Amino acid sequence: MDIDALVVGGSFAGISAALQLARARRRIAVVDAGAPRNRFADASHGFFGHDGRAPLELNAQARQQLLAYPTVRFVAAQALEATPQGEGFALQLDNGERLLGRRLLLATGVRDLLPELPGLAERWGQSVAHCPYCHGYEFDRQPLGVLYRMPLSLHQAQLIAEWGPTTLFLDGHAISEEERAHMAALGIAVEAGKVLALEGEGTTLAGVRLADRVVPLRGLFLAPTVAMASPLADQLGCAFDASPAGPYIRAEMGQTSVPGVFAAGDAAMAWSNAAQAVAAGTLAGAAMHRAMVFG
């Protein structure tokens, strides 16, 4: 095998992991299909030294820096299947290529499973978001909403209220009178009815349509449930843990339950952002290198 490490996923976590290995002069192949989770956002906020820069721009720059190392190869493709192969692993790609490597790192990310609500998908990552630390400041204390998805939505409403006057849209779900009273005490309005649609021009949100009226809003937050963006971890038999949002790969210092398979980024964390993905990728890449050295 000529490849020391196969890295699947070329976004914040995958490139950060690959960079550690490249600087150790290990031979690496990074496989990426070009559809990162944050592609819907125009800017990444709260990221050290890069506040306000476009995620795709950051990613392109990081890839260019990685490819300056002569032991790195980048493959624009989707990894369809991963299997053990001797003392390493084989990756089958959708371009027909088959790659063999001694170690495998999964930075495959997750897919956000959004409610089928008219007007939501086209505003995702713009005026509809999930992280106030990434997107809250730009709404400039204007009216905000939280769409109820799970019991933790009550916690989310309390948090979002730090960024502007907040309405919790229950969308037909029930909460207790005690919970209603707690929301009222915090100045958070509660709308019980079903949400029918989001309204506005382009990616701008103007309001939330209920059965009898439109509630004006500048931004809407929700906690999406997630699914693995790739079947590779499941194919390899990696253990998963559960979170309120969905499953994630169990990994300690990047090492999964399968020897030789590491994981980092959104696929291996219950909650994440760009900074955490970079940190996790850096840690996993260094841990993989140490595993190569010490066994």
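Where is T108 found? T108 sits in the loop between β6 and β7 (110-113), with helices (H or I, at least four residues) and strands (E, at least two) taken as DSSP runs numbered from the N terminus. This is a predicted model, in which local features need pLDDT of at least 70 and side-chain atom pairs count only at pLDDT 80 or more, while totals for chains, interfaces and linings use all residues. Residues are numbered from 1 along each chain as its sequence is written, and side-chain values use heavy atoms, with hydrogens and water left out.

- T108 counts as buried, at 17% relative accessibility; buried means under 20% relative accessible area, exposed over 50%, and partly exposed in between, using a 1.4 Å probe and protein chains only.
- Not counting residues up to four places away in sequence, T108 touches V8, A229, S230, L232 and A267, where contact means heavy atoms within 4.5 Å.
- A192 belongs to the loop between β11 (189-191) and β12 (197-199), and its relative accessibility of 36% makes it partly exposed.
- With residues up to four places away in sequence set aside, A192 touches L170, D171, G172 and R180.
- A192 and R111 are 81 residues apart along the chain, and their C-alpha atoms are separated by 28 Å.

**The nonpolar cores**

- The largest nonpolar core holds 29 residues, of which L91, L93, L99, L104, L106, L236 and I249 touch the most other members; such a core is a set of buried Ala, Val, Leu, Ile, Met, Phe, Trp, Tyr and Cys residues joined through side-chain atoms within 4.5 Å.
- At least two residues of this core come from each of β1 (3-8), β2 (28-32), β4 (79-85), β5 (88-93), β6 (98-106), β16 (225-228), α6 (232-236) and β19 (261-263).
- Leaving aside neighbours within four places in sequence, L104 is in contact with L6, V8, A82, F89, L91, L236, G260, V261, F262 and M288.
- Another core, of 28 residues, lies apart from the largest one, and its members include A18, F262, M269 and M288.
- As background, nonpolar side chains tend to be buried together in soluble globular proteins.

**Helix α4 and its surroundings**

- Helix α4 (residues 152-160) packs with helix α5 (residues 177-185) at an angle of about 10°, their axes 11 Å apart; axes are lines fitted to C-alpha atoms, for helices over the stretch in contact, and angles run from 0 to 180 degrees between N-to-C directions.
- That makes α4 roughly parallel to α5, a label for angles under 35 degrees, with over 145 roughly antiparallel, 65 to 115 roughly perpendicular and the rest oblique.
- On the α4 side L154, A157 and Q158 meet E179, H182 and M183 of α5.
- The buried residues of α4 are S153, L154, Q156, A157 and I160.
- Seen down the axis of α4, these buried residues fall within an arc of 160°, so they line one face of the helix; the arc is that of the directions from the helix axis to the C-beta atoms.
- Their cover includes α3 (132-135), β9 (144-147), β10 (166-169), α5 and β15 (219-221).

- D140 is not a glycine, yet has a positive phi of about 55°; D140 is found in the loop between α3 and β9 and is exposed, with a relative accessible area of 56%.
- R141, also not a glycine, has a positive phi of about 65°; R141 has its place in the loop between α3 and β9 and counts as exposed at 53% relative accessibility.
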